[in-house]
Amino acid sequence: MQLDPEQVAVLEELADRKDPNAPSLWDTSPETVRDSVKHMLTYQGEPEAAGVEDQLVPGSVGDVPIRIYTPSNGAIPQGAGLFFIHGGGWVLSDIASYDPLCRHLSNALGAIVVSIDYRRAPETKFPGPVEDCWAVLNYIANNAAKLSIDPNRLAIAGDSAGGNLAAVMTLKAKEHGGPKIAAQVLHVPVTDHNFETESYQDNADGYLLTREFMEWFWHQYLDDPADGDHPYASPLKALDLSGLPPALVQTCAFDPLLDEGRAYARRLDDAGVQVTYTEISGTAHDPMLFFSALPKGRLAIQEAVSFLKTNIG
């Protein structure tokens, strides 16, 4: 297999931006790393027109910011809704980083999209981000009418660490008997605290997301490495995945997370969950985040939109 030319161009451009004299990742503050990746927003292109409203949702230890997107042609009363959880290794990114993508999703779906600014590691360790997402999921379900969302047509989606949190929300909703989640989209999800898979070895370096970066992310997120065995950190370790909502799981060929995403899709299928699994060839981690520059990022979004329309209308 080979990388697509467009993916090569993106990787080379990002490599050119890297300071060769920069200190080791392990000697760099999270805030410095956050600042260093802000330019990635440009790979989503110009933001589309859409309705945008910022709100605060009561959380377990304070208010949680959310951003509500309404399609440019207006919301359908009691229509479909999507709760989107951004990636970034639980450390990077925020609502603003994913604004163009969420605008695009809202317009493509013709649905309300709610994006969350959960507390990030290392300032807030596991399970803090899980608690924030859970608070917002319940807020959406309990205020669906006010949000113009049909509570029976609410889906959840996320990429990378956001895919991890989205998968965890389906586990929590199952255990608590709700809220109802009609479908889940997991794009290049983190599903296991395990660096020993074949894809971690094959794609350890050179493809944007490295093994070292993932080790650093997990170190920031977990207060104790043993927490990585908890299903709310590693959903692949959940004993029972039956009864979860229909899932679209998308992985990439040149991604350290390939094997764990594939394994999670297989576990869902074995548990009787309706699963669509796609391995995107020629790409590295998170093409959805680079959808303006990567044709297969746009295709991944199209597949997600089609899957969601099938499951939530």
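1. Trp218 and Tyr221 are about one helical turn from each other, because they lie three residues apart in helix α7; helices (H or I, at least four residues) and strands (E, at least two) are DSSP runs numbered from the N terminus. Trp218 and Tyr221 are both buried, where buried means under 20% relative accessible area, exposed over 50% and partly exposed in between (1.4 Å probe, protein chains only). Together with Trp90 and Phe126, Trp218 and Tyr221 form one aromatic cluster.

2. This is a predicted model, in which local features need pLDDT of at least 70 and side-chain atom pairs count only at pLDDT 80 or more, whereas totals for chains, interfaces and linings use all residues. Residues are numbered from 1 along each chain as its sequence is written, and side-chain values use heavy atoms, with hydrogens and water left out.

3. The structure holds 11 aromatic pairs, a pair being rings of Phe, Tyr and Trp (its six-membered ring) with centres within 6.5 Å, and planes under 30 degrees apart counting as stacked, over 60 as edge-to-face and the rest as tilted. One of them is tilted because the ring centres of Tyr207 and Phe254 are 5.1 Å apart with the planes at 45°. This pair links distant parts of the chain, since Tyr207 belongs to the loop between α6 (198-202) and α7 (211-221) and Phe254 to strand β7 (residues 247-254), 47 residues apart. Phe254 is buried, with a relative accessible area of 9%. The rings of Trp218 and Tyr221, with centres 6.2 Å apart and planes at 55°, are therefore also a tilted pair.

4. The charged end of Lys172 sits over the ring of Trp134, 4.8 Å from its centre; the criterion is NZ of Lys or CZ of Arg within 6 Å of the ring centre and within 35 degrees of the ring normal.

5. In helix α1, Gln7, Val10, Leu11 and Leu14 are buried. They lie on the same side of α1, because they cover an arc of only 95° around the axis, the arc being that of the directions from the helix axis to the C-beta atoms. Pro5, Glu12 and Asp16 are exposed on the other side of α1. The buried residues of α1 pack against β8 (275-284), contact meaning heavy atoms within 4.5 Å.

6. The protein chain has nine helices and eight strands. Of its 313 residues, 56% count as buried, and the C-alpha trace spans about 55 × 40 × 40 Å along its principal axes.
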